[in-house]
Amino acid sequence: MTIQFNDETFRDDYSYHNSPAAIRRFPFPFDKDDYMYAVNMEPHGSGRAGSPFENRFDVDEHYVAEMRDREITLKEDPLRCQSLPHMELAGWDLLELIMEAKSEDYPELFSLHRDGDRWHWINRPLGIDHKFTFLDPTTLPYGPMEYITRQAQGDFAVLDQRDGNLWMEAGMVTSQADWSLDFDIGMNFFEWHAPVPLAHEMGIFQRALKFLLAIQQDAPSRRLNWTMTVNPRLDTSPENYHKWGPEKRTLTPENTGEKQYLRVELQTFFRLPRSNGLAFPIRCYLISLQDLVTVPKWGRRLHRVIRDLPDELAEYKGFTVNRPLIVEYLSRFDDGKPTSPGIFPDE
Amino acid sequence: MSAQMLRVTEIEALSPLVKRFRFEHPGGKKLPLFSGGAHVVVEMPDGDLLRRNAYSLISDPQDGSGYEIAVRREDGGRGGSRFMHSNVGQGDTLRISTPLNLFSLDARARKHVLIAGGIGITPIIAQMRQLLRMQDRFEIHYAARLRSEAAGLRLLPRLPHIHSHISDEGDRMDLGAILDRQPIGTHVYTCGPEGLITAVAQCAARLGWPRGSLHSEVFLAPPPGRAFEVTLAKSGRTVTVGPHQSLLEALEEAQVEIDWSCRGGACGRCETDVVSCHGRIEHNDHWLSEDEHSSQTKIMPCVSRFRGRELIIDR
């Protein structure tokens, strides 16, 4: 498989785009015509061929451009990447996990040669060829977590597990849906989820935590989450709200299909072997409504989901102001026909 | 519960009662690494019975070439350890689960003090190997009654910060002396009989240790008791739990689908809601809260039992 990497931007002129193949493989998050929270976990790592669930870490046409965007964000705000001192071993675990997975799943793009602790890593798309000593941070230009997550799409939260809870104590977060690592660092599972409406009352977090604490090695899990973003911007952080918040007001009936994006997070969970920590990669996928409706099932279903969503959820996800425009636009692609079960397009 | 068939490649007597077993992948495949304190569940097909026992890993967590456990023969036990001692030979294959750690080191600690009593040394051995590799600061205190029974002596290197206390030789472990004057930021890990864990907790409390700095693991085998009956709400069936059987094992025998992991009352996987209870649940787990215990609305089938007229569970 050869991937043609896009030359594109996630800011300023927003030249981000999806090829027809990328549209077809988009991780559409709704398996039915309505939406409510659920602990919707499923096993991860060997999903449908060609889908973003096929491999442990999906690499797609946006890889190189996303890594370039991460570099810009980090240069402006180094606190997007933090690791408390006791999280270094978990960082090495994550580095090993990603290097192993990528070199096995994409051998033409990545290779890893190991001779004891002497490792040789080649990342062809980014032009990296590096020899280093495993567990010796002085042989890497950054800490192990930062080093590898500058080469992996999506955000990464690295969680310590102790006292029957999970603690967010390391992370690389530059493509987030309006949350802040700098604010959340050191918090436990209940603390960082405190702002989420309705789910606490539903007991969702108690159940989810029990599930996550018991995740075993070699048995990763995943779930999908979603929101709406105006313009294909990865860095929708609270720190930069002044840059992207006002863009919500630029939506008009004429430009909704082009400027309004469905933002989907593929959240995965991996037990880390040496540290007993938990890696929580959060991979962001963006698709414009005009591209999304080229799959008729998705156009119909997204219209119904957004139209019928509880107000609290639209408010929390931050698109109350544009909801009428979005529903109006999508209604044109909903002929009222029934939709098939599951998330994938009809053949 | 993911697991794979592994071959027994070494058996060694560490003491008259304790044997070390080494398992490797029959095809030479690397096994998943783990963290110090992790255990595996070993499946033992014993006639019509499928026994499943959890054992701490004692091998180097960084070494994926094999897993090692140390098994103490419990002649008064339910038979799993006797099976390992008498029926398992080199070259046999057994199903071994992926490691799971419910007793991991706290990476924030400035220093680790590891306290073991008897066969409780096993998880501490792997923790020690991890600490040596990470060049972290630690000390070990290992207590045993008799030198001849102290299997751990064969597994511990001779280092100035590794101490053995053989009570029969007049060297009793002095918890007060161990816990006093440790530097701030030290964490303590205790594995052994319940009495040792309680003694460490009490001593630490007296010396003003923060509770969050204390960690422990009791190796809990399902305690035997009187036979009892349980009714399953979903099917209406009634299952009888034998005196030497756990409720979890009785459910498995009755083909009831139930998730599990540690089988020792610590991981929470098999937690089950109680629909109705006329009698007293004998809670033996470390998972449910005191309120949950006293309200009798939940039960951990892996270790807990029942006495009374009727127990209906949500299975």
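This is a predicted model: local features need pLDDT of at least 70, side-chain atom pairs count only at pLDDT 80 or more; totals for chains, interfaces and linings use all residues.
**Before you start**

Local features here need pLDDT of at least 70, side-chain atom pairs count only at pLDDT 80 or more, and totals for chains, interfaces and linings use all residues. Residues are numbered from 1 along each chain as its sequence is written, chains are lettered from A and ligands numbered from 1 in the order in which they are written, and side-chain values use heavy atoms, with hydrogens and water left out.

**Stop 1: helix α13 of chain A**

Select residues 323–331 of chain A; this is helix α13. Helices are DSSP runs of H or I with at least four residues, strands are runs of E with at least two, and both are numbered from the N terminus. Colour A:Arg323, A:Ile326, A:Val327, A:Tyr329 and A:Leu330: these are the buried residues of the helix. Buried means under 20% relative accessible area, exposed means over 50%, and partly exposed lies in between (1.4 Å probe, protein chains only). Why are they on the same side of α13(A)? They cover an arc of only 165° around the axis, which puts them there. The arc is taken from the directions from the helix axis to the C-beta atoms.

Now show what covers them. The cover includes β8 (221–230), α9 (256–259), β9 (260–271), α10 (289–292), α11 (296–308) and α12 (311–317) of chain A. Contact means heavy atoms within 4.5 Å.

**Stop 2: aromatic rings**

The structure holds 29 aromatic pairs over all chains. Start with A:Phe189 and A:Trp192: the ring centres are 5.4 Å apart and the planes stand at 75°, so the pair is edge-to-face. The rings of Phe, Tyr and Trp (its six-membered ring) pair if their centres lie within 6.5 Å; planes under 30 degrees apart count as stacked, over 60 as edge-to-face, and the rest as tilted. Both residues belong to helix α6 (residues 189–192) of chain A, three residues apart, and are thus separated by about one helical turn. A:Phe189 is buried at 4% relative accessibility. A:Trp192 is buried at 10%.

Move on to A:Tyr241 and A:Trp244. This aromatic pair is edge-to-face, with 4.7 Å centre to centre and 75° between the planes. The two are three residues apart in helix α8 (residues 241–244) of chain A, about one helical turn. Are they buried or exposed? A:Tyr241 is partly exposed at 37% relative accessibility, while A:Trp244 is buried at 9%.

Next, select A:Phe28, A:Phe30, A:Tyr35, A:Trp226, A:Trp298 and A:Phe319. They form one aromatic cluster.

**Stop 3: charges over rings**

Zoom to A:Arg48. Its charged end sits over the ring of A:Phe344, 3.7 Å from the ring centre. In chain B, B:Arg263 lies over the face of B:Trp260, at 4.6 Å from the ring centre. The criterion is NZ of Lys or CZ of Arg within 6 Å of the ring centre and within 35 degrees of the ring normal.

**Stop 4: an open sheet in chain B**

Five strands of chain B form an open, mixed sheet in the order β14-β13-β17-β15-β16. Strands count as paired if DSSP finds at least two bridges between them. β14 (238–241) and β16 (298–299) stand at the edges with a single partner strand each, so one side of each has no neighbour in the sheet.

Select β15 (residues 272–282) and β17 (residues 305–313) of chain B: they run antiparallel, joined by eight bridges.

**Stop 5: where the chains meet**

Show both chains. The contact takes 17 residues from chain A and 22 residues from chain B. The area buried between them is about 1900 Å², of which carbon and sulfur atoms give 44%. Buried area is the accessible area (1.4 Å probe) that two parts lose on being put together, summed over both. A:Gln216, A:Gln217 and A:Arg274 supply 32% of the area that chain A buries against chain B, more than any other three residues.

Pick A:Ala214, in the loop between α7 (204–213) and β8 of chain A. A:Ala214 is buried at 11% relative accessibility. What does A:Ala214 touch? Not counting residues up to four places away in sequence, A:Ala214 touches A:Arg271, B:Leu100 and B:Arg269. A:Ala214 and A:Arg271 are 57 residues apart in sequence and 9.0 Å apart C-alpha to C-alpha.
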